[in-house]
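Welcome, and please open your viewer.

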Amino acid sequence: MTGRRRRAGRASRTRREKHENSLQSASLRHLSQYVRLMKFLHQRGFSSTLLQPAVFTDTGRGLQTLRAIKPGHLVISLPESCLLTTSTVLNSCLGEYIKSWKPRLSPLLVLCVFLVFERHQGDASDWFPYVDLLPTSYTCPVYYGDDVMAALPACVRRRGLEQREAVQEMFSSNQDFFKSLQPVLNQPTEDVLTYEAFRWAWCSVNTRSVFMSHRPSSFLSGPDHFALAPFLDLLNHRADVQVEASFNDVTRCYEIRSVCGTRRFHQAFINYGCHDNQRLLLEYGFVCSNNPHSVIYVDIDLLCDVLKADRRLDQKIKFLRENNFLQNLTISSEGPSWRLLTALRLFSLPQTMYHQWKTVLLGQTLCEEKEQWIIRTAKILCQRLLQDTFRALDKISNLLQQSEQPIREQLEVVMSLRQEERCILGRCLEALDEPLKQTDELLPCRQDADAQQMD
C-alpha cells in the first residue's frame, strides 16, 4: 500500500511539474501603475525583493517569486501603515461625517464609501496608486443579470440573489448618509455614489480584504474585521497550498508565512480556506481547478420533487429541519455525503416506524432492501442534477455567442462551475452503480398501510 501511494505521488508530482513548466508568465513591475504602487508602499515602509507582480497564462495577474521561498519563511510582511482599514477612513476627511452620523454605520459600509470617494478623487487621492489597480468589475453574482443568474445551480442562484438583494438594500437604505457627504464632493452625490460605484466597492472589499480583528469603535456598529492590503491582495488562491496568515502585533505587520515553500520564478499562492467552488464563486467570483473540496449541494426543492409521492413528506422535512439536518446535503465524486444518505434513510421509513427516525439520524443503517432504495434514490437525484447541468451548459453556450465583455467573463466562470459539476455527477453515478451490480432486480420493501409509495 505504501509503495502504491508513493508511486501515485511521484506520478502526480511529475504531471504537476510538466503542467507548471508549460505555463508562461510576464513581469508587470515595469508598468507605470505598478511602479507607482511600489513607490506608494515604499513611502509607507514596505519593500519587496522576493515577489514581483506578473501575469500568468492560467490565473491572470498574480505574484511571482524572484527567489525560492523555503518552508516556514515569510512570503510577505506588509506594515500596518499600508493597510486600508476603518481607522484609515475615520482619520480621513470623511471621518467627521461618519462619527457624527446616527444610527452608527457598519465597517463594511464606510470602507465601501471610502473606496468610491477615493476613486472619485482620481490621482488627487492619497490612495490612488492602490485604487487605480483594483479591477474595474467583478464576476461575483452581485454583478450578474437575470440570464447569467439563471444559469447557476439552484442553491448558488438562491444565495446569489440574496447577495445581490443585500447589496441593493445596503445602498438604498443609506441614501441620507450619502447625501450628507455633499460638502466633500465636487459633483452631486447621486452622480458619485451610484449603485454601480457602490457595487464595485462592495465587491472590492468582499473579495480582496484580509481578516484582521480591530478594537470595537464607538463610532461604528458591528464587528470590524476587514483590511485591504495593497500588493498582498495580488496573491491568488490555490486549494493545495498551505500558509499561515495573520497580523503580527509585535512587528505591526500583516504577515504571510509559507508552509511548504515555493520555487524560484513560480507563482506564489495563498489559501483562502477549505472552500468548495460554489463558495469560491459566490464570495470571490472564480472557480478553482482541481479543487479537492468541491461538492454539489442538493436543493431541498429537488429533494421534495423526487420524493413527492411520500404522503408523510412534509412531516419528515419538518423533522429533519428541527434536527438541523437539511443543510449541507451534498454529493462528491466519491458519492453522496453521510448527511444526504442519512436523510434518505429517514425518507425510506414509513410512518409506523417513527420510533426509528431519531436513531437513523444517529447513524443506524437499515435492511438491505431499504439501503438499495436509498442508493437508487440518490442515483435519481444525481441524474436530475445532471440533466439540469446539461441544460445550463446549453444555455451558457447560446448566451456566449450573443454576449460581450464583461458578461462573457461571468458566463465563463459559471460554465467552469457547471463543467466541474458534470464531472462530479458522472463519477458519483459510477460510484453508485457499484453496489447495485450485485442485483439485477430488487423487490420493494414491505410496507404497512401507512407506508409511502415510491416511484
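## The whole chain

Begin with a surface view: the accessible surface of the protein chain comes to about 23,400 Å², and 48% of that belongs to carbon and sulfur atoms. Such areas come from the Shrake-Rupley method with a 1.4 Å probe, and for residues only the protein chains shown count as cover.

Before you zoom in, note that this is a predicted model, where local features need pLDDT of at least 70 and side-chain atom pairs count only at pLDDT 80 or more, while totals for chains, interfaces and linings use all residues. Residues are numbered from 1 along each chain as its sequence is written, and side-chain values use heavy atoms, with hydrogens and water left out.

Switch to a cartoon and you will find 18 helices and 13 strands in the protein chain. These are DSSP runs numbered from the N terminus: helices are H or I with at least four residues, strands are E with at least two. Along the principal axes, the C-alpha atoms fill a box of roughly 75 × 60 × 50 Å. Of the 455 residues, 47% count as buried; buried means under 20% relative accessible area, exposed over 50%, and partly exposed in between (1.4 Å probe, protein chains only).

## Stop one: helices H17 and H18

Select helix H17 (residues 368-402) and helix H18 (residues 407-433). Which side chains meet in a salt bridge here? Asp433 and Lys379 do, at 2.4 Å from N to O. A salt bridge is a side-chain nitrogen of Lys or Arg within 4 Å of a carboxyl oxygen of Asp or Glu. Asp433 lies in H18 and Lys379 in H17, 54 residues apart. Asp433 is partly exposed, at 28% relative accessibility, and Lys379 is partly exposed too, at 22%.

Next, pick Asp388 and Arg418, another salt bridge, whose closest N and O atoms are 3.0 Å apart. Is Arg418 buried or exposed? Arg418 is buried, with a relative accessible area of 1%, whereas Asp388 is partly exposed at 28%.

Now select Thr389, also found in helix H17. Thr389 counts as buried because its relative accessibility is 0%. Leaving aside neighbours within four places in sequence, Thr389 is in contact (heavy atoms within 4.5 Å) with Arg418, Glu421, Arg422 and Leu425.

A search of the whole structure finds 15 salt bridges. Select Asp301 and Arg158 for one of them, with the closest N and O atoms 3.4 Å apart. The pair links distant parts of the chain: Asp301 sits in helix H13 (residues 300-306) and Arg158 in helix H8 (residues 154-172), 143 residues apart. Arg158 is partly exposed, at 35% relative accessibility.

Two strands pair if DSSP finds at least two bridges between them. To see a bridge partner, select Tyr297 and look for Thr330 in E12.
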